[in-house]
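Reader: I am new to this structure. Please take me through one part of it closely, step by step.

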Amino acid sequence: MSDHHKEPFKFNTPELDQIKKKWDRRNFLTKTSLGIGAVALGSLIGKNLLGKAAGTLAAEGSAASLEEEILRAIPHFAPKAKRVVYLFMSGGPSQIETFDYKPKLVDMFGQALPDSVRQGQRLTSMSSNQSILPIVPSIYKFNQHGQSQTWISEMLPHTAEVVDDLCIIKSIHSEAINHDPAITFFQTGNQLPGRASIGSWVSYGLGSDNKNLPSFIVLVSKNASKDQPLYSRLWGNGFLPTEHQGVQFRSGKDPVLFLDNPEGYDGADRKEMLDYLSKLSTLQNDAYGDPEVEARIAQYEMAFRMQTSIPEVISTADETDEVFDLYGPDSRDPGSYASNCILARKLLEKDVKFVQLYHQGWDHHGGLPQGMAKQCKDTDQPTAAFIKDLKRRGLLEDTLVIWGGEFGRTVYSQGKLKLDDYGRDHHPRCFTMWMAGAGVKPGISYGETDDFSYNVVKDPVHVHDFHATLLHLLGVDHERLTYKFQGRRFRLTDVEGKVVKEILS
Amino acid sequence: MIIAILLFSLTELIGRFHPVLVHLPIGMLVLAAIFQLILPKQKNSSLVPAIHITLFGGMLSAIFSAISGYLLSTTDDYDASLISTHQWFGIAVAVISIGAYILNKQQNKYTKWVILLMTILVIITGHLGGSITHGSDYLTKVFSSDEIVSSNTQRKPIANVQEAVAYTEIIQPILNSKCYNCHGVNKQKGKLRLDLPDLIMKGGKDGVIIMAGKADESELIKRILLTKDNKDHMPPIEKPQLSKQEIELLHWWISTGADFTQKVKSIPQSEKIKSVLLALQSGEIIEVIKQSDIPDQAIEKADDNAIQKLKARGISVSAVSQNSNYLSINFIAVDAISEKDLNLLEPLRKQIIWLKLGNTKLSDRQMEMISSLTALTRLSLERTAITDKGIIALQKLTSLQYINLVGTKITAKGLAQLKVLNKLEKIFLYQTSITGTDWDELKKIFPKAMIDSGGYTMPLLEGDTSEVKPPTIIKK
């Protein structure tokens, strides 16, 4: 190690002075408009002048401290869940072949869907021009399982074993009918791109318990047909500070690259370099006041800490054969859904706040029987194992597990209906999700759909309600976690959402 | 616009000074009367200028009181009839005090009679004002025996709760004790009265407060459930609060349709509410809600300095909930725990109730240092190097409800040492040195606790399949 870094950091070099002098257009406008804005704000809050002491008023004068005020109030109530893991089944798994048991459909095979059920609701252009919308029952049998006697498809034999730990919501409904808006809606609370994702809201609102790992980590299964794309904005931070965006791990043997230092360069060198860089960045930050600079400093330091924390957390050396057997044959193949489930568990053990798994391939417009068989085979055992594993480690007590897709599928067949083959189109009016663990009632089903699994007939749960409930379980009042951006306060639930109290334990 | 708002706030502000200002005319005018009374005695003649001054001061303050009182009446919501009498008497006092002052200045011989009349008016006005603020039964309440009823809901036992009329025997007493003071006959804050069925359903100035069948959307319930720091929280934080059971009862009554005549037996009841209702029979309300792992009693604020020291070490410290001084501490980001780190917990021992030391290099030797954290309800020690020797230290943690020992070398014998911890509800023991018949032993030692061994064997139910079968084709 050389000693040249020991030299004191020079702040008054001509180059650095340049930064201080630089007043580009953007910088100029920000600074001057802030000044004008502060005056305007002062007059706006004049109404409260009489009610408040001058001291607190001064503190609230700047926008930054208002945000701090909001964060300081969290948790709003005692949290049931300390961490969340969201198993996102991208593509829209059929509720009819999994959890929403509709025995009456068997007698209606091939009949046209009655207009009284559809009520003129829109369809996608993929099936709206079909001459007939033929009803098709689940090709798979359903059986009752557990103390709760819940009906579950024979395609999910392992999930059936843990059904008494699940809170199955059959009445989730969304507004979007196509993948991109629907998945964006689920992940960010709005169909249009640009808002902050759930995980980044959680990271922003609750911070991190473990400074050595990102508080929001994303894992994508490699062993799935990528019929619908995933894009990083689904775990993006939107308008929230950049350090809250989801950190995606690679799906494979090395989830995080470049953890090792180059040859002849050790951790102390790296630390010195980063300290030096951080000083430079601070200097820039002082001049510009751009929060992105702070985010960059934070991310560099996170990366440095991850050099030591990641190898430990991704190592499977400690895992027994029993664990691999529990998660199934894929679990030894890094990057598979099963393997990601194990990794997710290890991240949760390290108190990562929000872990999101994505498993694609549920978009069965045709060939649904075979498609579902494959999807279920890939995910059923690992998912059930995940629940069991969390439970026996005492983690299910304060971890919320969520399973679900962006919408469900239609009761009618898309394309030609055969005895052993059919497809189903997108259906946002009702579909099934489940939650398990911290704070939700185990072994219950909530909400009901009609005999066609087309409309919700009892206890509807909107996507906003789901978000509100999720935040509630984390101890956050969804109406009070806000962030001001472009002159407006934003919430994950926008201006809607109500907590589904009935499913809370 | 802003000026208008400012003006409005200003009138409200002046109005709020009324309760302070009124004491001045009462004191000064009565003092003037007393001076007047003792004046005839020869030696007191020096009081003449004093009468003059006190009358002047009393007059001025009476005028200001009347003005501020009028402003207050326009902004706050009080019983109109009570206000109007008080208002006219108040104005009368102000006018007569002006008269008394002038007469006194002119040495008029009727001055003392006017002062006598003024004194009587002052007393009446003061009493009326007091009745508005404290309630008209404020003075007489001392003599009545059932004084306790209005401050605390200590109801008489209901002989058979199922036969009782839900509203009159259960709901009304709650409203009576917790709401009527401000939303009753005397005062209608927010133009809301809760003492009559029609008025309850009518709501206040912000609209209806009860949506029959939808308790969670009813303003009444919403306000009650708001956190206490919210200014809309009801009852106001300084007033007696509703108990959990009372909230449950209100919630139940509204969600079942807010009927004013039905008997309890004809209203649907969940298991939870049944037990709350049953408790009304015995007169005492039994705690039916599950034991919380956050203690009920308040605790003083933790030393901020101590918290900062922990945070500086990368130890996560968070409040368990808003307005709670209890703390949750997590050592997950600390690789090598030192005695120094654990020492940092000592000043916070009253506040720490959740402690996570799992996945760290915690050793038996260090266990002694957490034995003083007697407030702990949850303790995570998973995958640490602790053994049977170390957990003896936990015997002192008598509040413990949850303990996680997954992946440690603990044996059944070691765990048996924790028998004294009779509040333990959950014990996680996956991947420990506990084997075979030990489990049955442990069940006997901890009869109340849920013991998780991690070795789940699921009974195979009929119809369970463990492999994916080729799809069966359903024929029409």
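**A close look at one strand**

Author: L87(A) stands opposite W403(A), a residue of strand 8 of chain A. Strands here are DSSP runs (E, at least two residues), helices are DSSP runs too (H or I, at least four), and both are numbered from the N terminus. The model is predicted: local features need pLDDT of at least 70, side-chain atom pairs count only at pLDDT 80 or more, and totals for chains, interfaces and linings use all residues. Residues are numbered from 1 along each chain as its sequence is written, chains are lettered from A and ligands numbered from 1 in the order written, and side-chain values use heavy atoms, leaving out hydrogens and water.

Now the pairing. Strand 1 and strand 8 (residues 399–404) of chain A run parallel, over 6 bridges. Two strands pair if DSSP finds at least two bridges between them. Strand 7 (residues 354–359) of chain A also runs parallel to strand 1, joined by 6 bridges. There, Y86(A) stands opposite Q356(A).

Next, the side chains. In a regular strand they alternate between the two faces of the sheet. R83(A), V85(A), L87(A) and M89(A) point one way from strand 1 of chain A. V84(A), Y86(A) and F88(A) point the other way. Buried means under 20% relative accessible area, exposed over 50%, partly exposed in between (1.4 Å probe, protein chains only). In strand 1 (residues 83–89) of chain A, 7 of the 7 residues are buried, so the strand is largely enclosed by the rest of the structure.

Last, the loop between helix 4 (63–72) and strand 1 of chain A, which holds K80(A). K80(A) is partly exposed, at 44% relative accessibility. K80(A) and L474(A) are 394 residues apart in sequence, yet 6.1 Å apart in space, C-alpha to C-alpha.
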